[in-house]
Amino acid sequence: MSSLEKVLKHFRPGGKWSSQVAHWQTIPPKAARFGEWPSNLHPEIVAAIKERGIDQLYSHQTEAVRISLEGKNVVVVTPTASGKTYCYNLPVLQRICDNPEARALYLFPTKALSQDQMLELHDLSEKLDRDIKVFTFDGDTPPNARKAIRNSGHIVVTNPDMLHTGILPHHTNWIKLFENLETIVIDEVHQYRGIFGSHLANVLRRLMRICKFYGVSPKFVCCSATIANPKQLVEELVGEEFELIGESGAPTGERHVVFYNPPVINPELGIRASSVKAASRIAARLISEDVQTITFARSRKRVEVITTYLRRIMGRLRRDPSVIQGYRGGYLPLERREIERDVKSGKIRGVVSTNALELGIDIGQLEAAVLAGYPGTVASTWQQGGRAGRRATESLVVVVMNSSALDQYLAHHPEFFFGASPEHGIVNPENLFILSAHLKCGAFEIPFDEGEKFGPLDITPILNYLSEERVLRHRGKRWYYSSDNYPAEEVSLRTADPCNFVILNRSKGNHVLGEVDYASAPEMIHEEAVYLHQTRVYLIETLDWENRRAYAREAELDYYTDAVTKRDIRVLECNLHEEVPLPTGEGALQPVVVSEAMVEKTAQEELEEGVLEPREEVLLAEGRDVDNVIFLNRRPEEATIAEIDSLASHQWGEVSVTTLVAKYKKIRFETHENVGFGEVHLPEQELQTEAYWISFEPWLDRALKMKGLSLGGGIRALASALASVAPLHVMCDPRDIRSVPMVKSPFVEKPTIFLYDYYPGGVGIARKVFEMKKTVWTSVYNLVRGCECERGCPACVGPPVDVGATGKQSALAILLQLKD
């Protein structure tokens, strides 16, 4: 029995973990499909590859090299460890062999990946016995090496941030690169979505302006993990047409994918046992059976916790604890390189990592991957799981679910994960905040000509505005940058708003502790807020709003703070609108019509309850719509049903979100009891963004009340479930959106659920939810219906204390009407 099989038996029926297996899928092995060596590939390159023990290319590698050398742009979408590196390295090396002056620019999302790929290129170029110089250019590059890189680097490996701040603004120092640039490589394209992707699209527009200025037209080779729209995403990023290669020819070994759902320990709240502890136990069993294992955690803190647990277990088993190592951001570069080498050599038997090792860094052959919680996207899950079995051997991937709604949805609906990728990468390069920031950068690099487009856009109105603001100067037929500031340094590619707050640690001479984005500052770093950083507790003593600085001091406190936030949403413009017709069939709710006698009784009852005011009796008598009941006549014999033909309406448009933090609560650690509160004195914050909203017709409230249900509780429950499910489809972080229920929106004047992009101007998330509304709401229905709780829990709609005793049942009743 193999070491892996000894662990697999614990998941099989009768094993100690079998009762917690929510799903087990075995993916059969797949044989390799090979292609011919491209006829126009230099014999020296073929010989160098064969010298590395590779006699044939896989079919997708052959196709990618062929398309690229034909002068077309290509995007390769194949699994982890399928050899995507050759898809771009071979065309680049071929062009340098044809023209020794040719240059290539490689973009990777992380410095670690850049370093790993540079070593691969060095090895290949040495075997070619040609003077091909490969350099990385990032924040760690010594100043004395930068001139040599600019003048002699055939292949420059960098990241988007360094391209944005260190290369494009100084393009005149990079003449050798830009005059001879033939190939641009962008790896891990699926990482460039949302704000980051919207920024990168504009950085690439600036890059192509500079290329045009130097008279070159480079071709792109891009690689991506499996998502629903790779071709569309890369074309939106680059602004050019691409050929798609989506079939991998690489072999794969048999892979076991197990969804492990820890036992419920609090049925009332739907809380399950710790996913961190469960992942630690599973990883420890694998490592003790000498199965080399990688464990992924969602945060740096959890990496350290799991590493600690595993080392303790190894000690109890009288094994060497040093065979367990953590790996995350914050470690020194040399320390990370040493860990990578030791994992690759097998010296380290268990490595615990954040998503830092999710990308294509070569750490050799591992046999198992344990994921402590769903990583957030299907693409990331496959990439993390793909770290095991990279050499076509049998492997195991265990996804340990937590109590969150997202994890529980996947546990109960594995077909969502194993089917075709449902996730769409979304970017919005036309976001006005992002676009205008990059137009400043572009004007600094090369003045804009009248009539010049930036991508597909006519940017004249924005240039005129910037000229009026004295950022640009319009002279002759060109716009010149005229401000004293260096624009690229003021633009972070990770946020739409450049006004981040800096947190300074007074305990250590105002040492920089961290940063918080502008929108989150009132909630996270108001005065007297508790700020947590790497498990340490800091108290915010002073918030300098004008200078964007918060001053903190280390403190020993037994509580944390939670801001009490009031949000108002005002619809500025509705751009898209779609009615939901009245439901039909069994269980369909219908508008309620009441007689005059019932009207008088209802008015009197609700007056006694304090719901109606006396003046509203007059409105009832006049046939007005009050409290969701429609009356057309005073006389009962003439009472008729109103002309109602819809249940709700889906809408998308622009909104203004006003947020006011007025108070904060003090919540004790461990017990989570409220131990006090305080006042917050900060101005209202306004966010103009894009939103999707669904407004329900007023008659639905009365129809639900007649069944003992509540519209208010129902829409609160639906808003919670919608916020959990939407990221599954639009490939965003849950923190990128906000979902707000309103029993009666002051601006829509109907019961409404808003879901908006939590970024100024929006990045297209809400628009995509509108476009996929039927699919998204079906997923919400499946989540709520599939949860075993009775009245609501964090794994579906939220606990009853938030949504009310009938919140879950009310949500299900509404969803039944929506899904038809």
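**Exercise 1. A charge over a ring**

Which residue lies over the face of Phe 448, and at what distance from the ring centre?

*Solution.* The model is predicted: local features need pLDDT of at least 70, side-chain atom pairs count only at pLDDT 80 or more, and totals for chains, interfaces and linings use all residues. Residues are numbered from 1 along each chain as its sequence is written, and side-chain values use heavy atoms, with hydrogens and water left out.

Step 1. A charge sits over a ring if NZ of Lys or CZ of Arg is within 6 Å of the ring centre and within 35 degrees of the ring normal.

Step 2. Arg 209 lies over the face of Phe 448, at 3.9 Å from the ring centre.

Step 3. Lys 773 is placed over the face of Phe 770, at 4.1 Å from the ring centre.

**Exercise 2. A five-stranded sheet**

Give the strand order of the sheet that contains β24, and describe its pairings.

*Solution.* Step 1. Strands (E, at least two residues) and helices (H or I, at least four) are DSSP runs, numbered from the N terminus. Two strands pair if DSSP finds at least two bridges between them. Strands of a sheet pair through backbone hydrogen bonds, either parallel or antiparallel.

Step 2. The order is β25-β24-β28-β27-β26, in an open sheet with mixed pairing. Because β25 (511-516) and β26 (530-533) stand at the edges with a single partner strand each, one side of each is left without a neighbour in the sheet. Neighbouring strands are turned by 35° against each other on average, direction ignored; angles here are taken between axes, which are lines fitted to C-alpha atoms (for helices over the stretch in contact), and run from 0 to 180 degrees between N-to-C directions.

Step 3. β24 and β25 are antiparallel partners over five bridges, and Leu 504 stands opposite Val 512 in β25. The two strands form a hairpin with five residues between them, and Gly 509 in the turn has a positive phi of about 60°.

Step 4. β24 and β28 run parallel and are joined by four bridges; Leu 504 has Tyr 551 as its bridge partner in β28.

Step 5. β27 (residues 536-544) pairs with β28 (residues 549-554) in the antiparallel sense over six bridges. Ala 552 in β28 is the bridge partner of Ile 540.

Step 6. In β24 (residues 501-505), four of the five residues are buried, where buried means under 20% relative accessible area, exposed over 50%, and partly exposed in between (1.4 Å probe, protein chains only).

**Exercise 3. The two sides of a helix**

Which residues of helix α2 are buried? Which exposed residues are on the face turned away from its buried side?

*Solution.* Step 1. Helix α2 covers residues 43-51, and Ile 45, Val 46, Ala 48 and Ile 49 are buried.

Step 2. Seen down the axis of α2, the buried residues fall within an arc of 160°, so they line one face of the helix. The arc is that of the directions from the helix axis to the C-beta atoms.

Step 3. The face turned away from the buried side carries the exposed residues Pro 43 and Glu 51.

Step 4. After α2 comes Gly 53, with a positive phi near 90°.

**Exercise 4. Aromatic pairs**

Classify the ring pair of Trp 382 and Phe 417, then that of Tyr 518 and Trp 545.

*Solution.* Step 1. Rings of Phe, Tyr and Trp (its six-membered ring) pair if their centres lie within 6.5 Å; planes under 30 degrees apart count as stacked, over 60 as edge-to-face and the rest as tilted. The count by this rule is 25 aromatic pairs.

Step 2. The ring centres of Trp 382 and Phe 417 are 4.9 Å apart and the planes are at 25°, so this pair is stacked. Trp 382 lies in helix α14 (residues 378-385) and Phe 417 in helix α16 (residues 414-418), so the pair ties together parts that are 35 residues apart in sequence. Trp 382 is partly exposed at 28% relative accessibility, whereas Phe 417 is buried at 2%.

Step 3. The rings of Tyr 518 and Trp 545 have centres 5.6 Å apart and planes at 55°, so this pair is tilted. Tyr 518 is in the loop between β25 and α19 (521-524), and Trp 545 is in the loop between β27 and β28, 27 residues apart.

Step 4. Ring pairs also link Phe 259, Trp 382, Phe 417 and Phe 418 into a cluster.
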